[in-house]
Amino acid sequence: MLFGHKIKNIKNNLLACAILAFIAGCSDDAPNTYRSFASPMIGQNVSAGTEFEIKVLFGKEKKVDSVVYLIDTGTVAAKADTAAFKVKTEGLKLGNHLLTARIYGEGEPEELTSNINILPAQPPVEYTYKVVKTLPHDTSSYVEGLEYHDGFFYESAGDYGNSSLRKVDPSTGKVLKKADLDKQYFGEGMTVIGDKIIQLTYREKVGFVYDKATFKKLSQFSYGEGTQEGWGLNFDGQRVLKTDGSNTIFFLDKDSYKKTGSIDVFDNKGSIQQLNELEYIDGKIYANVYTTNNILIIDPATGAVEGKIDLSGLLPEGYFKTEDAVNNNVLNGIAYDKATKRLFVTGKKWPHIFEVKIFKK
């Protein structure tokens with residue numbers, strides 16, 4: 001009986017407190033001392049083409065005369081009130097953007113910050129493949145770059161002490177021409193530009209320029225600007241495309257090889273890291289994702305991933321016997337024959353180059 005009486009008193013006290021809190025809340029919605037972004041939350045993902053709300057919690061202890069809102073360094077609104085409002089994402093590139101609320105009132109202006117991630121609105125279209133033809137490939141080649149020109153494969157092989165540039169007969173896999181790199185260099189991506197071949201190195205921050213006909217080394221250049229490593233390389237007809245293992249594709253001048261711009265690559269879930277070997281096909285960038293069986297189809301203007309090709313199962317299961325071999329000898333190599341619209345893919349130390357047709361799942 002005493003226990004029940006105690007519970008009744010507790011319930012009555014809680015009810016009284018709730019009523020008082022409600023009355024207090026109705027009298028003034030603003031907190032006493034707290035200022036922060038209520039929305040968007042820090043790191044919130046926002047789909048491109050949509051709107052998002054900006055709302056700041058303003059405390060009562062400081063007067064607010066006006067608020068200027070910025071995205072990155074650009075002003076998006078200047079308001080004399082503290083009401084929430086919506087902002088369109090049109091014109092904002094994919095990726096992270098800093099939001100700032102600059103509050104004017106008593107004393108010095110106060111700044112609050114948050115951030116959003118603009119992501120593609122649509123998920124990538126899923127593709128699978130069919131093998132059209134299986135071609136022989138030299139299993140000593142740790143493939144870092146592959147292209148098809150004038151009836152031949154041009155290939156860059158990596159690994160310290162075993163790096164080279166190669167011209168290969170597709171039908172036999174025979175290496176017709178070869179230029180070995182000094183053992184201090186790890187060969188990476190390569191691309192053909194007119195009568196020249198450009199080849200990257202991995203961590204040495206040096207690229208080499210060769211005569212396409214003779215494989216004679218003509219010059220070298222530094223690629224250190226804005227990047228740490230050399231991974232994939234390709235030429236889209238106007239610019240050189242380059243990756244460094246991040247989610248960024250860099251654009252380089254075709255003559256000086258200096259950086260002229262870049263895009264960051266995202267799908268509808270977030271950034272795509274470890275972009276590797278590249279090929280430019282019918283206005284889109286195709287990119288291997290290192291250590292996966294995926295090739296992404298990327299919009300070169302925005303960095304949005306529009307498609308994903310799953311190439312699982314190209315090699316027989318168990319072909320590589322050791323864990324080390326399985327982990328290292330991954331899919332990496334995309335080549336395209338523009339004349340016949342044939343797509344070729346391979347991997348590091350793979351026994352074959354595969355001609356494949358892709359289609360939607």
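# A tour of the loops and two open sheets

Start by selecting D72, which is found in the loop between strands β4 (64–71) and β5 (74–79). Strands (E, at least two residues) and helices (H or I, at least four residues) are DSSP runs, numbered from the N terminus. This is a predicted model, in which local features need pLDDT of at least 70 and side-chain atom pairs count only at pLDDT 80 or more, while totals for chains, interfaces and linings use all residues. Residues are numbered from 1 along each chain as its sequence is written, and side-chain values use heavy atoms, with hydrogens and water left out.

Most residues other than glycine have a negative phi, and most peptide bonds are trans. D72 counts as partly exposed because its relative accessibility is 32%. The classes are buried (under 20% relative accessible area), exposed (over 50%) and partly exposed (in between), with a 1.4 Å probe and protein chains only.

Next select K205, in the loop between β15 (196–201) and β16 (206–211). K205 also has a positive phi, near 60 degrees, and is a residue other than glycine. With 31% relative accessibility, K205 counts as partly exposed.

Then go to P40, in the loop between β1 (36–39) and β2 (44–47). Select S39 together with P40: the peptide bond from S39 to P40 is cis, with omega near 0 degrees.

**The whole chain**

How many helices and strands does the secondary structure come to? The protein has 2 helices and 30 strands. Of its 361 residues, 47% are buried. The protein exposes about 18,300 Å², and carbon and sulfur atoms supply 52% of that area. Accessible areas come from the Shrake-Rupley method with a 1.4 Å probe; for residues, only the protein chains shown count as cover. Among contacts (heavy atoms within 4.5 Å) between residues at least 6 apart in sequence, 52% join residues at least 24 apart.

**The sheet β10-β11-β12-β13**

Colour these 4 strands: they form an open sheet in the order β10-β11-β12-β13, with antiparallel pairing. β10 (143–149) and β13 (175–180) stand at the edges, each with a single partner strand, so one side of each is left without a neighbour in the sheet. Neighbouring strands of this sheet are turned by 15 degrees against each other on average, direction ignored. Axes are lines fitted to C-alpha atoms, for helices over the stretch in contact, and angles run from 0 to 180 degrees between N-to-C directions. Two strands pair if DSSP finds at least two bridges between them.

Inside this sheet, select β11 (residues 152–157) and β12 (residues 164–168), which pair in the antiparallel sense over 5 bridges. F153 stands opposite V168 in β12.

**The sheet β18-β19-β20-β21**

Move on to another open sheet of 4 strands, in the order β18-β19-β20-β21, again with antiparallel pairing. Its edge strands are β18 and β21 (259–264), each pairing on one side only. From one strand to the next, the twist averages 25 degrees.

3 bridges join β18 to β19, and the two run antiparallel. Select L233 and find K242 in β19 opposite it. The hairpin of β18 and β19 has 3 residues between the strands, and G237 there takes a positive phi near 100 degrees.

Is β19 (residues 239–243) mostly covered or mostly open? β19 is mostly covered, with 4 of its 5 residues buried. On its other pairing, 5 bridges join β19 to β20 (residues 248–253), running antiparallel. Two pairs can be picked out: K242 stands opposite F250 in β20, and R239 has D253 as its bridge partner in β20. In the hairpin of β19 and β20, with 4 residues between the strands, G245 takes a positive phi near 95 degrees.

β20 is mostly covered too, 5 of its 6 residues being buried. 5 bridges join β20 to β21, which run antiparallel. Select I249 and its bridge partner I263 in β21, then L252, which stands opposite K259 in β21.

Finish at the hairpin of β20 and β21, which has 5 residues between the strands. Which residue in this turn has a positive phi? Y257 does, at about 65 degrees.
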